[in-house]
Structures are given as structure tokens and as C-alpha cells.
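This briefing goes through one protein model, topic by topic. Please keep the sequence and the structure in view while reading.

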Amino acid sequence: MSYFNFSRRSFLALSAALPWAFRGIASGTASSNSIPVGLELYSVRDALQKDPQGTVRAVAQMGYKVVEFYGPYFEWSEAQAKDMRKLMDELGIRCLSTHNDEGNFGADKIEHTKALNHILGAKYVVQAWSDPKPTLDGWKELAGKLNAASDTLAPAGLKVGYHNHDAEWKPVEGKRPIEILAANTKRDVMLQLDVGTCLEAGADPVAWIRANPGRIHSIHCKDWSPDPNIAYKTLFGEGKADWKAIFQAAESVGGVEYYLIEQEGSRYPELETARRCLDAFRKTRQES
């Protein structure tokens, strides 16, 4: 079976080499021209499953500068990861983060996680999902696990991140879980903002960025439409998100290092969707 042969949704449900320095981040500001845009590869999941290297090549040829591998990457051998890294180096494209099941931080898997992320050149190892917790203590326990993972990976030069879904914005015992996670994790744990799920939950992504200066190092630029027939299948720039305001906040106080377009699907094929979203992203950036 191909090591890409399961979906991001299945993964979520179940669950250095070249240094890369970003300038302007320490002050909480960055030039828009210096911030690369990448693609969360779940956006092209079917193509990726059929032809991983060909798909990464196609994404790079579109003009994406960064890719984020998701769940299936963990099934790679180190030799497979080295082959992918060799291709990325040839293409001039980087993997700055990976998406991971919570189990990838466990004692039985952490060394493989560390090895693959080193080979790929990643900076952030992001937990992509956690089951919703019925109590605040459950979310505090999750924060503790993220801190422990951070302690384990820090000596290897890797940082931990957490990626929100809609559950983190819905109050539990009168407080939003995302606020519990932010308050109870170390400042070097990245809060990777998924804009679409934030909007669906009725939250304000700009306010969230401003409330957590220096911690929003990457953003999933996924739009969302209140039309239930479209929802996450809207293309970048065609939904509810105020991207210009989001970019301004991310670059003035958020500490953003890179953007990642993510698409659940659309009225177009996967690769065409990725291209159209990149074109719309660039146009929005020029107008910002």
C-alpha cells in the first residue's frame, strides 16, 4: 500500500538538514515580500497519494515556496524522506512544518518523528488535531502534553505547534479551549491559526492574532463561506475572511513566518484549485 494511502480526515479522526532563518520576526514584524507562501498538501491529497514526487514538483512549478506534509508522511522510511528532501532541494521548495497525530509525540514514536522532520528540514512539528474535551481540565492536560513534547524536541532544534479546528473556539465551562491552550503552553509552542474553522465558529481571527503576539508563526489560509452548500469549498478570497486585515495583524504583531494555503476541495480539480488559490493570494498581497 502506498504510504500516502489514507486521507487527512482519517488521520485526524485517528488521531536538520539546512537551517532556515527568518529575519524581522524577533521584533514581531516582517516584510510581506520576505514571507513565503506554501501549500498544505492535504489540498492535493488524491494526486499526492498517486504520485508524491510528481505532485510536489507540480506544486513547486506553480510558484509555491513551502509545503506542509500531513499524516501519511509518518509512514515513510528515512530513505523515502531523503528522496523527498532531495527533490525539494532540486526544486527550491521547503518543508517548514509537518502535521502530526498526537501519538507521533509519544515515547514509542518520537524518535521517528524527530528523524523524519530533520531530514525534511522542518522547523515546526505541529499537532494537527485533538478530540474535543468536555472539561477545561482536559484541555489543560493537552497543554501539558504539548509542553512535554516541546521539551523533548527542543534539544533537536525542533519546535512544537498546535493547529486549531472549530472545537477550540466553542466555550467549555465558560471559556474557549483555544485560550486555555494559549495560556497553559510555553511561548515557544506555535499557535498555528486555521482561519476557516475560526470563522465557522464565529470567532475573529484578527482579534486572536492581536491577543497572542509573536505566537502565530504560520497561518492556514483557508477561506470559509456561510453558504452551507459551499462552506470550506470556497476558493481563497471568495469567502468571509478579511485577508488584508489578517495579513496586517499577522505581520505587525503575530510573528508570522510563512503562510499555507489549505483547501478542502472546490468546484475545480485539486491542482487547478491550488493554482487558482495561489493566483488569488498573490493578487490580494499586491493589493494589501
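**Aromatic pairs**

Tyr 70 has a relative accessible area of 1%, so Tyr 70 counts as buried, the cut-off for buried being under 20%. The model is a predicted one.

- The protein has 12 aromatic pairs in total.
- Tyr 42 and Tyr 70 form one of these pairs: the ring centres are 5.6 Å apart and the planes stand at 80 degrees, so the pair is edge-to-face. The cut-off for that label is an angle over 60 degrees.
- Tyr 73 and Phe 74 make another edge-to-face pair, because their planes are at 80 degrees and their ring centres are 6.4 Å apart. Tyr 73 and Phe 74 are both buried.
- A cluster linked by ring pairs contains Phe 236, Trp 243, Phe 247, Tyr 259 and Phe 281.

**Helix α4**

- Helix α4 covers residues 78–91, which is 14 residues. At 1.5 Å a residue the helix should span 20 Å, and the end C-alpha atoms are 20 Å apart, so the two values agree.
- The buried residues of α4 include Ala 81, Met 84, Arg 85, Leu 87 and Met 88. These residues cover an arc of only 160 degrees around the axis, so they lie on the same side of α4.
- Lys 86 and Glu 90 are exposed, on the other side of α4.
- Among the elements that cover the buried residues of α4 are two helices, α3 (52–62) and α5 (110–120), and two strands, β2 (66–69) and β3 (94–100).
- Gly 92 follows α4 and has a positive phi, near 75 degrees.

**Two single residues**

- Arg 282 belongs to helix α11, which runs over residues 270–287. Its relative accessible area is 37%, so Arg 282 is partly exposed.
- Arg 282 touches Met 62 and Gly 63, when residues up to four places away in sequence are not counted.
- Between Arg 282 and Val 37 there are 245 residues of separation in sequence, but the C-alpha to C-alpha distance is 9.2 Å.
- Gln 127 is part of strand β4, residues 124–127. With a relative accessibility of 2%, Gln 127 is buried.
- Neighbours within four places in sequence aside, Gln 127 has contacts that include Asn 100, Glu 102, Phe 105 and Leu 142. Leu 146, Gly 161, Tyr 162 and His 163 are also in contact with Gln 127.

**The protein as a whole**

- The secondary structure consists of 11 helices and 8 strands.
- The protein has 288 residues, and 56% of them are buried.
- The average pLDDT is 91, and 89% of the residues score at least 70.
- Residues 1–29 have a pLDDT below 50. In the model, this stretch has 65 contacts beyond near neighbours in sequence.

Definitions and conventions: Residues numbered from 1 in each chain as written. Predicted model: local features only at pLDDT ≥ 70, side-chain atom pairs only at ≥ 80, totals over all residues. Heavy atoms only, no water. Helix = DSSP H or I, 4+ residues; strand = E, 2+ residues; numbered from the N terminus. Expected span 1.5 Å × (residues − 1). Buried < 20%, exposed > 50% of the residue type's maximum accessible area, 1.4 Å probe, protein only. Arc of directions from axis to C-beta. Contact = heavy atoms within 4.5 Å. pLDDT = per-residue confidence, 0-100. Phe/Tyr/Trp six-rings, centres within 6.5 Å; stacked < 30°, edge-to-face > 60°.
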